Amino acid sequence: MLQERGDAARAADPGVRDWERHLITWRAVCSALEALADGERPLRSSDTPPRWLPDTVRREVENMSETLLFRPEFVTIRTLERLGAVALDPDRDYVLAFVSGLCTRRSDDATSAYVIREDPELVDRCFWPMFSTEGGGEVSLTNADRYGRYGGGSWTQTVVELAADGTVDRDRALDACLGALVSDLGAYQAGWFARTFTALDPTPAELARRQPAFLAVVRSSVPASVTFAVDRLCTVEKSGLLDDATVGPGLGVVFATAGKGTALKAVRLLDVVARRLPADPTVLESAVRALDHPHVDVQSRALDVLERAGALHRAVDTPVHPTLSARVARPAADSTETPAQADSTKWSPPALRLPPPVSAGEALERTAALLEDASDPLEVEQVLAALAVLPDPFALAPLARRARTVAQRERDGMEWGSPVSAAIADMVLDACGTPVPPGPHASPRPAETGFLRERLAEVGAGLSGAAPRTPLLATPTNGPWIDPEAFVRRLLDLLGTPGTPGTPRTNDLAAALLRLHPDGRPAALSAWRTAGVPLDPTLSRVVVHALGGPAASADIVRHDVDRGTAAWWVAASRTRDPLCADPALVDAGLGTTGRGLPIAANVRPRVELSYGRHVWRFTVAVDRVSPHATTYREPPAVTSRTVRHYDAEHLNDWHAWTATTFPHDAEHFLVAGVRSVLDASLTWSTREPDVPIVLDALLTHPGRTGSLSAATIAAGLAASEHSDRVRAADVFAALVVPGRVSAAEVADAMALLAPAATVSRWGPALGDAADAAPGARDAVVDVLVRLLPRVDRSTRGLSSLLDRLEEESARGGHGDVEDLDFREWAGGFTGASRAAKTARRLVSRAAGA
């Protein structure tokens, strides 16, 4: 039966593609087994399986290890194995196929627990190995339970059922879950093992036996896993079974990764242990390590532990929150700190770090890493620089299989992984001569990514032999910047190299011009003018304009633009003076935002009817935008599509790369980036995956900030995810404290968003911001004093802002709030609400002063 139906399927139209032929063949195998089960018999019998069957089954196993099919396909594979038709090794693909192939959404399919009970060999062959087999991309235990749990039962439920009826050993299942949490799993995958351990409902005695394992888990880099382990140790302590001598010293590592709540639980455990073992120095050392935690409450509780143990001297000179510094200060007579040493502890915001250059020998490995994670835009730049001059493009051939998988997911409209990784995968496949055609479900590619995709295409053309392989001009030299003299040297070397085109790559030159650092331009201009190589007149005029030489006339610009050099002139104009209009470009017909005009944008909220209810939406308003069709290759030009109503697709790590394209001005990438952060601040919002990427990009951006930066901070402080609000607090400290964004701008943005945003989130988030850096508390008070008089007194969540103002004013030594507008607004409260009481306290304190 297998031979007959399989041969018929394999004899299909020769024009059928390879993957389609495999799918037809596999369906024929499945139907043959179903027919045999229904009693049909083949026309001729044979004891030998078809020669093509092993390869077909192995390919299906490989497919199942990479894709959730939501069909019980693994049952078919096991049937063939048990019939002796194929023999398969239980390798990684096989185990992942087991996870994927028993994942179903149909209620009439057998549950995975039933399949394992009926086939006990699967316990050792697949069930136990799945705890130590790391999933990747689409197939993992987390995804199987999240997307395929209907009817077929989740894998967590399967483990619980099999442990309950004795099919698998319960203790081994508990240990296997903890063993997986100790391994280097990401937060998304690790969550399944923690949930499954919890679902097994271990007794206090079972938890107590596993205290060493919990102490191993607290060393994890995944905060959720650390929280899981600390919670279990708290349960053990409540049952009176805590091993003080082991747990006390082992908790010190918690404070490096845990959030505030988990860290406070760990300090409470330390307090309990320290009371029982007051002289144990290892327990006190863990309390000292708790002072490394950034939150003031954690530090304060740790100092309480040390003080009760009479060991406060252990914390002398330890850096702590300014409000606690008196408790750890060295006595005046013993102080030996110099002014230079004191100054060295000042906080400074993070900056982008340029990874080391990529050698020819490293190109394969670092390109492979980008196929999995392309979130570091400067690593992307370094890899592109190496690939642009790679001696042997066929060196990328080993990456073709993985690149095809990554690219195909985008073609199929899936949201797995990194879109930049998918674009790099396309470049690799083009270089190997095996491109992936667009799929029927692929989404249109966002206009905001057009320029960067063109840059990838230029490098890909060199790899495939369609263009010369020449060094890139746009590779940064310091963070996202390019030193002007280095740029001139690169360009002159390129123009003077025999066998190269007379002009550089169009998009590469535009990208390089946009990254020119403001310092060092006169010396670079002098080097350009005294060059000893023939120079193209248009190219020379563009470079001179960018480096601050005599401004070109509108007639010259118009003449050059007609020859297809608009992208060069736009880049030269914006890098010459990013914040001013360029009369030459305006008069030459390029007088739109981001071309001849600087970027000036703001956020406009509005209410619209959606599914029968009124909801808030946001528009990024920009004057004089450009037509999309003519300017997507001319960053930082703002197109009409870029500023459309907020319903855009997620750009994910394109945001990070776009942010480094024009380091002079952060408003450029926020025209698109602010939308996801605004949406995350709304009362009905859910998790927006772009938010942390946008906030991190703004945090490290060296350029000008404006109204969109203030709106991003305000919306980020009200984001639905706590981790995003913490990021926004860091951005507040990095931009508002040094004055790059003023307190007035942030207050304006918050007042604009207050009717739509979740105001109750602002209070705790501003508390995090106040603790983030020296001077941040004063900035928080300044913002709140400016904001509150503009907020309606009936706004839900207003009490959190008043409580924050009262607390930060007291902690910062501000005493009373003297602003007359605020005092008039606060004096208008009536009633006995929490907000009214706090407002009256603030007013009475000011009056008493």
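pLDDT is the predictor's confidence in each residue, on a scale from 0 to 100. This is a predicted model, in which local features need pLDDT of at least 70 and side-chain atom pairs count only at pLDDT 80 or more, while totals for chains, interfaces and linings use all residues. Residues are numbered from 1 along each chain as its sequence is written, and side-chain values use heavy atoms, with hydrogens and water left out.

**Exercise 1. Confidence along the chain**

Find which helix has the lowest mean pLDDT among the elements of the chain, and which the highest.

Solution. Where pLDDT is low, the predicted coordinates should not be read in detail.

**Exercise 2. A pair of helices**

Describe how helix α17 and helix α18 cross, and name the residues that meet.

Solution. First, the axes of α17 (residues 281-289) and α18 (residues 296-308) come within 8 Å and cross at roughly 150°, where axes are lines fitted to C-alpha atoms, for helices over the stretch in contact, and angles run from 0 to 180 degrees between N-to-C directions. α17 is therefore roughly antiparallel to α18, the term for angles over 145 degrees. Then list the residues: L284, A287 and V288 in α17 meet A302, V305 and L306 in α18. By class, this contact has six nonpolar, no polar and no charged residues, where Ala, Val, Leu, Ile, Met, Phe, Trp, Tyr, Cys and Pro count as nonpolar, Asp, Glu, Lys and Arg as charged, and the others, Gly among them, as polar.

**Exercise 3. The surroundings of P355**

Decide whether P355 is buried or exposed, and find its contacts.

Solution. P355 lies in the loop between α20 and α21 (363-372). Its relative accessibility is 14%, so P355 counts as buried, given that buried means under 20% relative accessible area, exposed over 50% and partly exposed in between (1.4 Å probe, protein chains only). Leaving aside neighbours within four places in sequence, P355 is in contact with R366, D376, L378, E379 and Q382. Of these, E379 is 24 residues from P355 in sequence, and the two are 5.9 Å apart in space, C-alpha to C-alpha.

Terms used. Helix = DSSP H or I, 4+ residues; strand = E, 2+ residues; numbered from the N terminus. Parallel < 35°, antiparallel > 145°, perpendicular 65-115°, else oblique. Contact = heavy atoms within 4.5 Å.
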